[in-house]
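Colleague: I have not looked at this one before. Can you put it up and take me through it?

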Amino acid sequence: MEGKDYIVRASAAGSTVRAFAITARGLVQQASSCHHTSPVISAALGRLLAAGAMMGVMMKGEDDLLTIQVSGSGPVKGLTVTADSAGHVKGYAQAPQVGLPANAQGKLDVGGAVGQGILRVIKDMGLKEPYVGTVPLQTGEIAEDLTYYFASSEQVPSSVGLGVLVDKDWSIRQAGGFIIQLMPQAGDGVIEKLEANISGIRPVTDMLEQGFSPEMILETVLDGLGLEIKEKVQASFTCNCSKERVQKALASIPKKDIQSMADDKEPIEVRCQFCNTAYQFCEEELRELLAQMG
């Protein structure tokens, strides 16, 4: 899987720690190209895509789906990412072309773009009701917000590191991250060692720039804790939209609106929110849809 985006699932300290890491440059580039995102939105959406892909792989069922929604007061307004348990992820920003000056550290101001608001995680695992966890955003920088979500909503002490490096030409230079979680049986010694390791590591993008793979990131974060790699999962920006699916979505709008579109006799274009693919519907197709709606 060299050169490809992939997720590593691992454990350490006798399975009292579980860990995930991802390299995601390709999938973040694809999202950025689909949505024509500005650098700060590439960073915000890219972090959420990397996290979503890892959190998707945490789920067991083939049909399980995870959605992460960030709603904030900042100019991006909102970010939505959906992932499955097989490493497929997709997502979009409500306002993809936001431009902001750098923050005090000279970095892309993701927190400023997101603002204050909420983070919501929805897990659809085939039960009657999906699991929904909602927490207030802590910083809007995504990684800290997810760390807080895991601790407060799932009661799992976690450390989340995410990074996206955008080049001068707005292309994605690096993207990836890690999620480390403590299981209830983790002892004090393990916790202390992990805290010491995490306090000493460099930012995710620095490690990726130095050529670190997901395995090497986990070796660094879990140094001295007996890392065991469990599996590698290929990760990709994948959208399962189709003309049929878009037509179903079109059927959910009021009949009179579809009637007026058909009466205009001009073809209409509907874009998939997740991948920005455009689908055309001509007058005849709109009239067929009206007939099906009865």
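This is a predicted model: local features need pLDDT of at least 70, side-chain atom pairs count only at pLDDT 80 or more; totals for chains, interfaces and linings use all residues.

Colleague: Start with the inside. Which residues touch the most other members of the largest nonpolar core?

Modeller: I22, L27, M55, L79, L119 and L162 do, in a core of 59 residues. Helix 2, residues 39–57, gives the largest share of this core, with 13 residues.

Colleague: What else is there by way of a core?

Modeller: There is a second, separate core of 23 residues. Its members include A10, V204, L218 and L222. As background, nonpolar side chains in soluble globular proteins tend to be buried together.

Colleague: Back to L162. What does L162 touch?

Modeller: Leaving out residues up to four places away in sequence, L162 touches R47, A50, A51, M54, I142, A143, L146, G176, G177 and V204. V204 is listed in the second core, while L162 belongs to the largest one.

Colleague: I142 is on that list. Where does I142 lie?

Modeller: I142 lies in the loop between strand 7 (131–136) and helix 4 (143–153).

Colleague: Buried or exposed? I mean I142.

Modeller: I142 has a relative accessible area of 1%, and the cut-off for buried is under 20%, so I142 is buried. The phi of I142 is near 80 degrees, which is a positive value in a residue other than glycine.

Colleague: Where is the place of W170?

Modeller: W170 sits in the loop between strand 8 (158–166) and strand 9 (172–182). Its relative accessibility is 48%, so W170 counts as partly exposed.

Colleague: Change of topic. Which loop holds L225?

Modeller: The loop between helix 7 (214–221) and strand 10 (228–234). L225 has 9% relative accessibility and therefore counts as buried.

Colleague: What does L225 touch, away from its sequence neighbours?

Modeller: Not counting residues up to four places away in sequence, L225 touches A12, A13, V190, K193, L194 and N197. A12 is 213 residues from L225 in sequence, yet the two are 5.7 Å apart in space, C-alpha to C-alpha.

Colleague: Now helices. At what angle do helix 8 and helix 10 pack?

Modeller: About 60 degrees, with the axes of helix 8 (residues 243–250) and helix 10 (residues 283–293) 11 Å apart. Helix 8 and helix 10 are therefore oblique to each other. The crossing is right-handed.

Colleague: Which residues make the contact?

Modeller: K243, Q247 and L250 come from helix 8, and E285, L286, L289 and Q292 come from helix 10. By class, the contact of helix 8 with helix 10 has three nonpolar, two polar and two charged residues.

Colleague: And helix 9 against helix 10? How do their axes cross?

Modeller: At roughly 150 degrees, with the axes of helix 9 (residues 255–263) and helix 10 coming within 9 Å. Angles over 145 degrees count as roughly antiparallel, so helix 9 and helix 10 are roughly antiparallel to each other. This crossing is left-handed.

Colleague: Which residues meet there?

Modeller: On helix 9, K255, I258, Q259, M261, A262 and D263. They meet E283, L286, R287, L289, L290 and M293 of helix 10. The residues of this contact divide into seven nonpolar, one polar and four charged. L286 and L289 of helix 10 also take part in the contact with helix 8.

Key:
Residues are numbered from 1 along each chain as its sequence is written. Side-chain values use heavy atoms; hydrogens and water are left out. Axes are lines fitted to C-alpha atoms, for helices over the stretch in contact, and angles run from 0 to 180 degrees between N-to-C directions. Helices (H or I, at least four residues) and strands (E, at least two) are DSSP runs, numbered from the N terminus. Angles under 35 degrees count as roughly parallel, over 145 as roughly antiparallel, 65 to 115 as roughly perpendicular and the rest as oblique. A crossing is left-handed if the near helix is turned anticlockwise from the far one by less than a right angle, and right-handed if clockwise. Contact means heavy atoms within 4.5 Å. Ala, Val, Leu, Ile, Met, Phe, Trp, Tyr, Cys and Pro count as nonpolar, Asp, Glu, Lys and Arg as charged, and the others, Gly among them, as polar. Buried means under 20% relative accessible area, exposed over 50%, partly exposed in between (1.4 Å probe, protein chains only). A nonpolar core is a set of buried Ala, Val, Leu, Ile, Met, Phe, Trp, Tyr and Cys residues joined through side-chain atoms within 4.5 Å.
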